[in-house]
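User: I'm new to this one. Can you walk me through it, starting wherever you like?

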Amino acid sequence: MEDEMWTNSINQANKMALLAWAKETGINLVQINGQRRYGGPPPGWVGDPPPAGTEVFIGKLPQDMYENTLIPLFQSVGKLYEFRLMMTFSGLNRGFAYAKYSNRRGAKEAIVAFNNFEVRKGCAIMVCKSTEKCELSMDGLATSVSRRELEAVLRQVTEGVLSVTLYASPCQKRAQLAVLKYSSHRAAAMAKKTLMEGNMRLGGVEMSVDWLNSDLKQKLQSCEEKPSSRKVQGGKCLGVPKHSPLSPVLHNVLDRLNTLCRRQHLGTPLFLTKCVQANPNGWQRFWCRVVIPGCPMPFSGFTWVRQDGPGRSGHEEAKVVLALQVLCMLAPCLSSTNSALSRYTRKPVFFCGRRREWWDLDPSCILQALEP
């Protein structure tokens with residue numbers, strides 16, 4: 001509650017002006033995952049989206065400036081198809097935005113008119129052509145992950161996936177690199193944010209997600225797509241962080257879930273974890289989700305964890321809680337584990353049945369639940 005009051009108090013006058021402007025003009029702004037969007041398409045739009053080359057990048061924005069100032073300004077040189085302002089959790093903007101016009105002429109006019117334009121005395125903004133990248137690279141995939149399996153998982157956690165191509169990783173031994181192509185720059189940017197903030201793991205292996213750069217793309221294009229049955233041989237890559245190995249108990253939980261999914265032909269589980277609260281005493285609260293290709297709905301919820309030593313990540317601890325929870329829901333034979341867990345939960349937990357959410361599981365139950 002205190003955090004919410006603090007957030008609402010920041011830049012209050014400009015926020016009220018934005019609300020009044022939106023009400024007066026009837027413009028609808030939608031905020032999703034750190035960006036606030038107008039249009040895409042705008043009201044009354046008929047036909048396909050504008051072609052490539054119609055979007056501009058806007059940088060060096062004052063962080064207390066909003067759409068009530070920016071949209072009329074950029075609309076003065078051409079019809080806007082979409083306007084996206086990147087936002088922080090406090091309600092300030094992140095200093096940059098994207099404006100997509102109905103045609104390339106509008107984008108060119110915006111660059112000419114507003115690059116180095118002072119939107120406020122002493123505040124000159126930067127406007128240039130947007131690169132409109134639509135491809136991501138995902139490195140560190142296990143060799144057992146198939147293209148179809150990865151694509152099915154990505155379609156559940158991101159939108160606009162057009163294609164997935166697998167290659168032997170040029171940076172990691174016995175690993176794969178995937179090139180993910182999305183329908184638009186916005187879809188790719190949203191997917192990158194989701195996958196990076198979610199600390200994405202497939203089959204218990206951590207992966208790195210980034211924009212596909214031109215050098216890597218050219219290098220991959222000279223190679224054939226990796227057949228799913230062929231053994232991958234990758235080269236060495238400097239600077240790849242090494243993570244401390246999980247304890248046998250934690251491996252037991254993750255291995256059991258992977259084995260169960262494999263035996264039931266459900267596919268490899270994909271883990272997403274995000275820290276939403278950290279207390280001074282070392283406890284962290286995580287939002288967690290696991291997507292299993294063979295299950296129609298993902299499993300998600302919140303849990304408290306405490307980092308167990310300098311070599312252990314809070315994401316690892318949260319992932320184990322999540323894996324154990326999914327095991328309890330998927331495997332009726334784990335009734336003894338269910339009983340053990342129920343004695344330690346901070347709030348009621350739903351193990352069986354159709355409900356797939358849980359709330360604030362105390363991680364101290366994990367080791368005791370797995371004891372023989």
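**Strands, helices and rings**

Analyst: Start at the hairpin of β4 and β5: five residues lie between the strands, and Gly 91 has a positive phi near 100 degrees there. Strands (E, at least two residues) and helices (H or I, at least four) are DSSP runs numbered from the N terminus.

User: What am I looking at, and how is it numbered?

Analyst: This is a predicted model, where local features need pLDDT of at least 70, side-chain atom pairs count only at pLDDT 80 or more, and totals for chains, interfaces and linings use all residues. Residues are numbered from 1 along each chain as its sequence is written, and side-chain values use heavy atoms, with hydrogens and water left out.

User: What does β3 pair with?

Analyst: β3 (residues 55–59) pairs with β5 (residues 93–101), in the antiparallel sense and over five bridges. Val 56 is opposite Ala 99 in β5, and the bridge partner of Glu 55 in β5 is Lys 100.

User: Is β5 mostly covered or uncovered?

Analyst: Mostly covered, as seven of the nine residues in β5 are buried. Buried means under 20% relative accessible area, exposed means over 50%, and partly exposed is in between, using a 1.4 Å probe and protein chains only.

User: What's the order of strands in the sheet?

Analyst: The open sheet has six strands in the order β1-β2-β4-β5-β3-β8, with antiparallel pairing. At the edges are β1 (29–32) and β8 (126–129), each pairing on one side only. Neighbouring strands are turned by 20 degrees against each other on average, direction ignored.

User: Which helix packs on the sheet?

Analyst: Helix α3 (residues 67–75) does, touching β1, β2 (35–39), β3, β4 (80–87), β5 and β8. Its direction makes about 145 degrees with that of β4. Axes are lines fitted to C-alpha atoms, for helices over the stretch in contact, and angles run from 0 to 180 degrees between N-to-C directions.

User: How do α2 and α3 sit against each other?

Analyst: The axes of helix α2 (residues 12–25) and α3 come within 9 Å and cross at roughly 50 degrees. The two helices are therefore oblique to each other: under 35 degrees counts as roughly parallel, over 145 as roughly antiparallel, 65 to 115 as roughly perpendicular, and the rest as oblique.

User: Which residues meet there?

Analyst: From α2, Ala 17, Leu 18 and Trp 21 meet Glu 67, Asn 68, Ile 71 and Pro 72 of α3. Contact here means heavy atoms within 4.5 Å.

User: Different topic. How many aromatic pairs does the structure hold?

Analyst: Seven. Rings of Phe, Tyr and Trp (its six-membered ring) pair if their centres lie within 6.5 Å; planes under 30 degrees apart are stacked, over 60 edge-to-face, and the rest tilted. Trp 45 and Tyr 81 form an edge-to-face pair, 4.9 Å centre to centre with 70 degrees between the planes.

User: Where do those two residues sit?

Analyst: Trp 45 is in the loop between β2 and β3 and Tyr 81 in strand β4, 36 residues apart. Trp 45 is partly exposed at 21% relative accessible area, whereas Tyr 81 is buried at 8%.

User: Which residues are linked into a cluster by ring pairs?

Analyst: Phe 74, Phe 83, Phe 114 and Phe 117.

Definitions and conventions: Two strands pair if DSSP finds at least two bridges between them.
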